[in-house]
Structures are given as C-alpha cells and as structure tokens.
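Please look over the sequence and the fold before reading on.

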Amino acid sequence: MKLKKKKKVIIGGYRDLISGLPDALICHILSFLPTKEAASTTVLAKRWKPLLAFVPNLEFDDSFYFHPPMTYKERRKNSEDFMRFVDSVLALKAKAQAPLNRFHVKCEDVVDQYWVLEWIPKVLKRGVLDIDLRIPTSLGYCSRSSFYTLPSNIFVSKTLVKLKIEFEDGVNIYVKGDVSLPKLKILHLDYFQTDTSTFNKLISGCHVLEELVLINLKWNWNYLEPQPCSVIVSVPTLKRLKFCHSETFYEVEDVDEANESVSFSFDNPNLVYLEYSDSMADKYQQVSFDSLVEASLGLRMTPDQIVHVTCSEGFTLEPRDKNNLKNLLMGICNVKILYLSCDTLKVLNDCSETIPGLHHHYTKRCDDEDGCLCKCPDDCGGNVIRNGLLSSPVKVLKILKFGGICDDDEGVETQSEQVKHFLKTMPNLEQMILYYDTPNDQDVMKVCKKLQKLRRVASAKCNVKIISDNLSLSSTMSTKRGGRRYFSNFKNLR
C-alpha cells in the first residue's frame, strides 16, 4: 500500500484537520498509542482502517481485557481474544509488507507462551528493531509449564537493536550454529536456561553490545561441557552489566551447585557500571574492568563454603576460595562508587586479609624495617601490615541491608567491625552510607557510638550517614589537635 497525501476534508462546515493529514503522519501519531487504542480509531473513517498496518510501533497490553475482575472462564476467553487480536494485527503487517520498529507485549494474566513464541518469527520478517516480551505463567494453559525454547532465528537477526525477554516460566536458549546480532546494543534476559557453549556464542555474537542484563540464569546440565566449564563475558563496547540471581530464585533452583562447576572470565575495558549478585563461582579466571565507575556487589557463599567456615579452626574460607575472591575484587579495584550487600560483608569478614584494593605486591623489601610502605605505625607505636585498601580509589561506599542477616548482637558487631575497618583504611573515601535494616532506633544509636570511638580514620573529608526506617543520621569528620581525625556527633537529618 502506498501512503498518499490527503486533501483537507470539510465536515459540517468545519475542516477535519486530522483526516486531512498525510497517511504517514497519521501513522506516526498512532504509534504513540497502545495498539488496542490505535485500532479503535479505525471506526472514525474508512481510510483509517488500513493505516493500522503501517503503524511502526506495536504496544500490546492485556490489561485492557481484564478489567473489571472476572471469572476464570471469562479471563480465559479474553486471553484468547487478546492473542487473536495480536495475530490479526501481525497479519495486517505481513499482508502490507510493512516494516516494524517496535514490538512490545506486556501481559499480566495467563497466556499461552507457545502462542507468544510464534509471534517472534513474524516480527523478525518485518525487520523489527526492538522486541520486549514480558509474559506471565502459562500454568493451567499448557501441559508444559517451563523453559520454552526461543526460535533460533532470533539470534541471527540483522536488524535487532534491543531485545528483552522475561517469561515467568523461563525460556530455553539453544543454538546449534553461530550467533550473529551485528546491531544489538541492549540485551535483557530474565529467567533463562542455557549451556555454557551457547552462552559463549551468544555473547561473542553481539559485537556492539552496550548493555547486558542477565537475571536468574540456570545452566542446562543436559548440554554442559565437560567440567570445569568456562564462561567468558568479553565485549569491548559493553558499558553496563547486570548479572544477578534473585533471592527467591535460590529457593527453587540449585544455583550454588551449578556455580561450583563453572568458571567466569570478565574482560570489559569500557564498562562503567556493574551489578553482580550471585554465589561465588568455581573460579574467576580473569576479571578486568579498567573504566569502572560504579559497582554493586551481592556475593554469597555456597553451602559447602558455609560448612567449611563454620567448622574450620579460623572460621575462614579455604585458601583456594580466598584467592578466587581476591581475583574478583582486584578486577574492580578502580571503582569510584561501591555498594556492598550484608551478604558481601559476611564474605569479606571471613577472608579479611584478601579485601579489595590490593595494589601491593610482596617483594624482598617487605622484610626490611624501612624498606616498604606495606608497613605502617599503629596506634600503640608498633608496626602493622598495611592493607591494600590504603590505595583504594573508592570515594563513595554504600552498604545495603546492614544487619539484615544478623540474628543477634554478635552478628551486628561483626559487620560493625568491617565498617570500621573500611573507615580506618580507605584514604579517598568521601561518603559512607549504611542502610540499616532495623525499626529500632536504639540499634542505630549503638552503631553511631561505635563509630565515634574510632581512634583513627583514613580520610580527612569523610561523611558517614546511617539510614534506618525512622532515622537518617549524619556525621562529618573533625580533626583534633595533634592531627587525630574522628567523627563528630551524629545529627538527625529528618
């Protein structure tokens, strides 16, 4: 269909300015509406009906079909009506051979996920640039209810720029051949299953990727390579990376066991933002984030590591796990803003000698009395080994859910000691924020008093904030005669 410029129409003595607009401009206006509403405009005039096929952006939302609340039978019928409506619009696009820029589907009620997957090849034929599918469970709709395999042609698209897939029942990714997504810049996958070979092909096939979000990844044991398996995330253009497993995911999937047999390599020289929340991998072979500005770490120990820490004499991780953690932390040592979860604090406390920022390398001069800066005077006139945090460039440190996993005062005390260690050894720190997970104001005041008793603080311009359900306390650095730095009284900002 060739879009033509229309003449202005006179209706009842008034000019119909909208109907007089060119078809291309009307299609552009309709592209800003949800597709259901755009389709409703076809009742205005006969010439509007074929225009729906040329709307470049399709946005489908099933909420139009399920309000007000209704019975299960009514919902089931409306769900099928919704899916048939999507079918009809895609059929119009195919008949007109019209291009498609955006295809978004957001569902809140039960739909047939197999039916949804059949839409993907159809929109790929229209040269779609942006696919975003957010699909709830098919439980009760299909006999099979998990890990639907994505069509393989989605991984050889020459037009895709943005791809976001979120199926509540999960999707399976398996590609026999090569992956080639030459224009893909944004990739979001939430709850998916794959093998390490396909994963590596997927990442290496995205040559211009800038944003990668991988949530709730489950390794497919049926296709895993001989152990140990190796996973490589190396994209020179990548700027933002989120690799996370949600807390609820751990309860239903055996993620920890899978991680114990998979090693990771991260080599992303232009990455500026990192969010990593997972149990410790079997091995971090390489971690390199040279341009990192902001990072959020949510590390947790595997069940085997927890048993070892609990039963070992020194209550610490095995040397192998300590070195593995060190490799990960060394890769982010240039970060400027750092978020740490309460789980991460516990991991760091169980291997305190390998805390990040370790720019120091042991040499023969370390044994000399005055030969190396790794030794510094303590408060009692002796010498202590200088921690690697003394060269850390971190300026902002945020600790999330402080006290969140502590069952008693001893657990809070342990986390408090870790916080004090950061304050005593990080010279470039300008702000530390503790998000204290407690409704009890007295708990907050106890931590404040502990920090005020610090005899030495590394940074001369550090500000500390403690934020709880009821309080928001702040204290700035002061200097006494003799140069000793300490925190002044905490003030409530609320």
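## Terms and model

Strands are DSSP runs of E with at least two residues, and they are numbered from the N terminus. The model discussed here is a predicted one.

Most residues other than glycine have a negative phi. N216, which lies in strand β9 (residues 211-219), has a positive phi of about 55° although it is not a glycine. With a relative accessibility of 9%, N216 counts as buried, because buried means under 20%.

K401 also is not a glycine and has a positive phi of about 55°, and this residue belongs to strand β19, which covers residues 396-402. At 47% relative accessibility, however, K401 counts as partly exposed, since that class lies between the 20% limit for buried and the 50% limit for exposed.

## Helix α10

Helix α10 is made of twelve residues, 319-330, and at 1.5 Å a residue it should span 16 Å, which agrees with the 16 Å that separates its end C-alpha atoms.

Which residues of α10 are buried? They are D321, K322, N324, L325, L328 and L329. Seen down the axis of α10, the buried residues fall within an arc of 160°, so they line one face of the helix. The elements that cover these buried residues include the strands β13 (273-279), β14 (283-288) and β15 (294-300), together with the helices α9 (303-311) and α11 (342-349).

Conventions: Residues numbered from 1 in each chain as written. Predicted model: local features only at pLDDT ≥ 70, side-chain atom pairs only at ≥ 80, totals over all residues. Heavy atoms only, no water. Helix = DSSP H or I, 4+ residues; strand = E, 2+ residues; numbered from the N terminus. Expected span 1.5 Å × (residues − 1). Buried < 20%, exposed > 50% of the residue type's maximum accessible area, 1.4 Å probe, protein only. Arc of directions from axis to C-beta. Contact = heavy atoms within 4.5 Å.
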